[in-house]
Amino acid sequence: LTKPKLKILLHIYAVSVPPPNGLEQSYNGDIRANTSGYRNGVPIGEPEFVPIFFVYPQGLRELLLYTKRRYNSPIIYVTENGIAEANNASIPIKQALKDGHRISFHYRHLQLLNHAIRDGVDVRGYFTWTFSEFFFNDPFSDSRW
């Protein structure tokens, strides 16, 4: 037998809720969790351009360790981890190309992913989420998201 593969998406905080009553099925009801960028009224991390996303690198490590415990050490591929930013035309292109904010984001997440790997989580891949995934949906929007 091979280990199951799980996909992890992360930028929100989730708490368990009772199962839906069957009459009001929805994305949020079907996952049996309330999701938010806030825990006890406090943001879980730095807010990003998209109001529902927060930078919370510790959450990646916590989720990886939880998944290892709960699902008997599966092989994990982290897909779609990244940030969205406003398209700020006032920033000179040379400065924008340095992309320090995105570099910092991935550096911090990869540090904590490395800690999880050292703690025994079997992570086989980490893939970034980029603006180009959505460019073709709305090429004229006012964001890189």
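# Questions at Arg102 and beyond

Visitor: In which helix does Arg102 lie?
Guide: The model is predicted, with local features requiring pLDDT of at least 70 and side-chain atom pairs counted only at pLDDT 80 or more, whereas totals for chains, interfaces and linings use all residues. Residues are numbered from 1 along each chain as its sequence is written, and side-chain values use heavy atoms, with hydrogens and water left out. With helices (H or I, at least four residues) and strands (E, at least two) taken as DSSP runs numbered from the N terminus, Arg102 lies in helix α4.

Visitor: Is Arg102 buried or exposed, and which residue's backbone oxygen does its side chain reach?
Guide: Arg102 has 15% relative accessibility and therefore counts as buried, a class that means under 20% relative accessible area, with exposed over 50% and partly exposed in between (1.4 Å probe, protein chains only). At 3.1 Å, the side chain of Arg102 reaches the backbone oxygen of Ile83.

Visitor: Which residues does His109 touch, leaving aside those up to four places away in sequence?
Guide: His109 also lies in helix α4, and because its relative accessibility is 2%, it counts as buried. With contact taken as heavy atoms within 4.5 Å, the residues that His109 touches are Val55, Tyr56, Pro57, Leu60, Asn81 and Tyr126.

Visitor: In what sense do β8 and β9 pair, and what is the bridge partner of Ile76 in β9?
Guide: Strand β8 is mostly covered, since five of its seven residues are buried. Two strands pair if DSSP finds at least two bridges between them, and β8 and β9 pair in the parallel sense over five bridges. Within that pairing, the partner of Ile76 in β9 is Val123.

Visitor: Why does Glu80 count as partly exposed, and what is its phi?
Guide: Glu80 is found in strand β8 (residues 75-81), and an unreviewed UniProt entry lists Glu80 for "active site". Glu80 counts as partly exposed because its relative accessibility is 33%. Most residues other than glycine have a negative phi. Glu80, although not a glycine, has a positive phi of about 60°.

Visitor: Where does Asp99 lie?
Guide: Asp99, which is not a glycine either, has a positive phi of about 50°. As for its position, Asp99 lies in the loop between α3 (93-98) and α4.

Visitor: For the protein chain, what share of the contacts with a separation of 6 or more comes from residues 24 or more positions apart?
Guide: The secondary structure comes to five helices and nine strands, following the pattern β-β-α-β-β-β-β-β-α-β-α-α-β-α along the sequence. Of the 145 residues of the protein chain, 31% count as buried. Among contacts with a separation of 6 or more, the share from residues 24 or more positions apart is 65%.

Terms used. UniProt positions are given in the numbering used here, feature names are shortened, and annotations may be inferred rather than shown by experiment. A polar contact is a pair of N or O atoms within 3.5 Å; within protein, one must be able to donate a hydrogen and the other to accept it, and residues adjacent in sequence count only if both atoms are side-chain atoms.
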